[in-house]
Amino acid sequence: MPDNATSQVQPAFAALAARAPSLALESAETRIARLQRLLKETMAARDAIYEAAHAELGLCNTDIDQQLLMVKGEIEYACKHLAEWMKAEPVKGSLMTLGKKSYIRYEPKGVVLTLGTWNAPYAIGLVPAVGALAAGNSVLLKPSELAPQSAAVLADIVARAMEPDVFTVLQGGAEVAQELLQQPFNHIFYIGGHQVGRLVMKAAAEHFASVTLEMGGKNPTIIDASADIEDTARKIAWGRLSNAGQVCIAPDYALVHESVKAAFCEALARNIQAMYDPDGAGYEASPEYPCIINDRHFERVAALLDDAREKGATFHCGGGRNPAARHIDPCVISDVDEGMRIMQEEIFGPAIAVVGWTEREEVIEIIKRRAKPLALYIYAKDREAIDWFLARTTAGSTVVNHNMIQSGTNPHLPFGGVNASGIGRIGGHFTFLECSNQRSIVEEGPPVGDPNMMYPPYSDKFKKMMGSMFDRPLAVPDAVVRGINGLIKVTSVFKRQR
C-alpha cells in the first residue's frame, strides 16, 4: 500500500464521476466486451490468486476455484442477458393513464463503491462490480486490508482489464475506507460485520446514497426428529467448516430435537473427522482445512470457546489449537446456554453450538431472541414440519435439507439479508437492479374527452366524475384498458384525417 493511499481517493473518485455520464450512453455490446475482458484477466491470474489465498488463509485450490466459478458464472450470465435487461420495460396501463404510454427505463446510478472483505475476496470484490458495470456505472473497489496479497492481485486484474476511470481498485486500511465514505458515491456495496455496516449507512445518509449491505449474523439450523441424521451431519460438517467457518452463511448454531440430539452430536463429530482428519494425522495437517485469517480473529474465536468451556459446555470434539499457525480444531459443543458468549456472538470460526428442543415453539422463541438471520437451514423429512418452520421464521435465504448452496449457485435467486443481516439483494439481474435507477416514464397520448376539463376552475361535471370513482373499483381488467386504449388510438387517427 502506498504511503499516500488516502491522497488517491479524491482524484480516483473525480475521474470515475467524470466518466459516468458517458458510460450511461454505452451500448450493451460495449459493456459486454468490458466484462469479458475482466473475466479473461481474472482467469489468467489464477496462479497468482492461488498463491495469495494459500498465504493468507491456507485455502486449497478447489475452494478458491469455487470463488472464481461464482465470478465466471456472474459475468457469463450478465453478458447473456444484458441486452434484454437494458431495454425499456413497457408496463400495463390503468384507468388513470388511458391513452398514455407507460414504461420503465433502467439507467445507471452513477458511481458505485464496493467495500470488500477478506474471507472471499474475489467473489465479494468482483460479483457486485459485475452487476454495477453491467448497469453502466463506474466502480471503485476497496478490498480488505486483512488479505493484502489478494488485494494486490485484484488491483492488477482490474488494471489490466479496465480503464481506470471505469473501474479502479484502491488498496489500504481503515483510513482509506473512511476517506472513501466521505465521497458522494451514488451506491455502496458492503459485505462484512455490523460495526462497519453502521458506519457505511451513516456515511451514505450524508449523500443520500443507496446501499446494499450483507452483514451475516447467527444462522440457525433446525433439525427435526424426522431428519436423516447421518445425511444432516455430513452436510453440516462441510458447511460449518468451509473456510474454517469463516463464511457469512455458515450454520452457526443447531437447534436439534432432543430425541436425536445425542445421535446428531456423535454423527457430526465423526463426519468432521472423516472429512478433515481421515488418517488421524491431526486437523492441522489437512490440506482442505484452512487457518484463521489473523491473530486478532484467532484470539476472538479462542475466547468464545474458552468462555463456553468455563461455563460448563460439553465439547464432543475439538478444542486443540496452535496460535503460531492460527489453527483451531473443529468443535462440536452442546450443553450451551444463553449466558455463554458463543450463543450471543457470531462465531465465524470452526465451531458449532448444539441446543436441544422438544416443542417447536421453543425453536421459534430461541431464534426470535436474535436478529433476523442471513441464512436459516431446516432438516426434516416431514413436509408438514418443513412448512411449519418456514411459515414462522424469516431469513435472507433458507435451504431445506442442505446448507451453503444458496449463494452464487443460481442467478435467478436474489441473495441478501433482513434488517440486521442485510439490506438489498445481489446476484444476476438483482445486482443490475440494485445499481440501476428504475425511472418511471409516462408519455402523453391522444386526448381523452375534453383535455381542459381537469384544469381549474373545475366544472360540476368533472367534480361529479371524480366523486363517482369512490363508489367503484379503480382497478379494471387489463383487457378493458387495452380495448379503451385501442379505441382512443383509432379515434385519434380519424381525427387527424379530417
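What does the accessible surface of the chain come to, and what percentage of it belongs to carbon and sulfur atoms? It comes to about 22,900 Å², with 55% on carbon and sulfur; areas follow the Shrake-Rupley method with a 1.4 Å probe, and for residues only the protein chains shown count as cover.

This is a predicted model: local features need pLDDT of at least 70, side-chain atom pairs count only at pLDDT 80 or more, and totals for chains, interfaces and linings use all residues. Residues are numbered from 1 along each chain as its sequence is written, and side-chain values use heavy atoms, leaving out hydrogens and water.

The C-alpha atoms fill a box of roughly 95 × 60 × 35 Å along the principal axes. Of the 498 residues, 51% are buried (under 20% relative accessible area, 1.4 Å probe, protein chains only). The chain holds 16 helices and 18 strands (DSSP runs: H or I of at least four residues, E of at least two, numbered from the N terminus).

Now the sheet. It is open and mixed, with 7 strands in the order β10-β13-β14-β9-β8-β15-β16. Strands pair if DSSP finds at least two bridges between them. β10 (314–317) and β16 (397–400) each have a single partner strand, so one side of each lacks a neighbour in the sheet. Neighbouring strands are turned by 25° against each other on average, direction ignored (axes are lines fitted to C-alpha atoms, for helices over the stretch in contact; angles run from 0 to 180 degrees between N-to-C directions).

Look at β8 (residues 220–223). It runs parallel to β9 (residues 253–257), joined by 4 bridges. T221 stands opposite A254 in β9. Helix α9 (residues 229–241) packs on the sheet, touching β8, β14 (351–357) and β15 (375–379); contact means heavy atoms within 4.5 Å. The direction of α9 makes about 170° with that of β8.

Technical notes: Buried means under 20% relative accessible area, exposed over 50%, partly exposed in between (1.4 Å probe, protein chains only).
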